[in-house]
Amino acid sequence: PRFEYRGHQVDVARNFRSKEAIKKTIDAMALWKLNVLHLALTNDEGWRLEIPGLEELTSVGSKRCFDPSEETCLLTQLG
């Protein structure tokens, strides 16, 4: 390839992605001959690794939208 570093970043810290979605991303990267996958696992506002018993991390905390009750997502100003 023309460039040694051909990469793609997936920000799973702020927006949770399923294992199947990550696998599809890797397949697409292979199609375009990308050789580096950067998984942003942590940011200052969150950690979105799925943990049994703390389902809210991925079901609510990984999404941003306007919901003042914060039952379906977090407000955008929180990260």
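Colleague: Is M29 buried or exposed?
Modeller: This is a predicted model, where local features need pLDDT of at least 70, side-chain atom pairs count only at pLDDT 80 or more, and totals for chains, interfaces and linings use all residues. Values for side chains use heavy atoms, without hydrogens and water, and residues are numbered from 1 along each chain as its sequence is written. Buried means under 20% relative accessible area, exposed means over 50%, and partly exposed is in between (1.4 Å probe, protein chains only). M29 has a relative accessibility of 6%, so M29 counts as buried.

Colleague: Which residues does M29 touch, not counting those up to four places away in sequence?
Modeller: M29 is found in helix α1; helices (H or I, at least four residues) and strands (E, at least two) are DSSP runs, numbered from the N terminus. A contact here means heavy atoms within 4.5 Å. With residues up to four places away set aside, M29 touches H8, L34, V36 and L37.

Colleague: And T25, what is that in contact with beyond its neighbours within four places?
Modeller: T25 is found in helix α1 too. Leaving aside neighbours within four places in sequence, the contacts of T25 are H8 and V10.

Colleague: In what sense do β1 and β2 pair, and what is the hand of the crossover?
Modeller: Two strands pair if DSSP finds at least two bridges between them. β1 and β2 (residues 36–39) have 4 bridges and pair in the parallel sense. The chain gets from β1 to β2 through α1, a β-α-β crossover. Such a crossover is right-handed if, with the strands pointing away from the viewer, the path from the first strand over the helix to the second runs clockwise, and this one is right-handed.

Colleague: Which residue in β2 is the bridge partner of V10?
Modeller: Take G7 to begin with: its bridge partner in β2 is V36. For V10, the bridge partner in β2 is L39.

Colleague: Is L39 buried, partly exposed or exposed?
Modeller: L39 sits in strand β2. Its relative accessible area is 36%, so L39 is partly exposed.

Colleague: What about V12, how far is its C-alpha atom from that of L41?
Modeller: V12 lies in the loop between β1 (7–10) and α1 (19–31). At 12% relative accessibility, V12 counts as buried. V12 and L41 are 29 residues apart along the chain, and their C-alpha atoms are separated by 5.7 Å.

Colleague: What is the phi of K33 near?
Modeller: K33 is found in the loop between α1 and β2, and its relative accessible area is 62%, so K33 is exposed. Most residues other than glycine have a negative phi. K33 is a residue other than glycine with a positive phi, near 60°.

Colleague: Stepping back, what pattern does the chain follow along the sequence?
Modeller: The chain has 2 helices and 4 strands. Of its 79 residues, 20% count as buried. Read along the sequence, the pattern is β-α-β-β-β-α.
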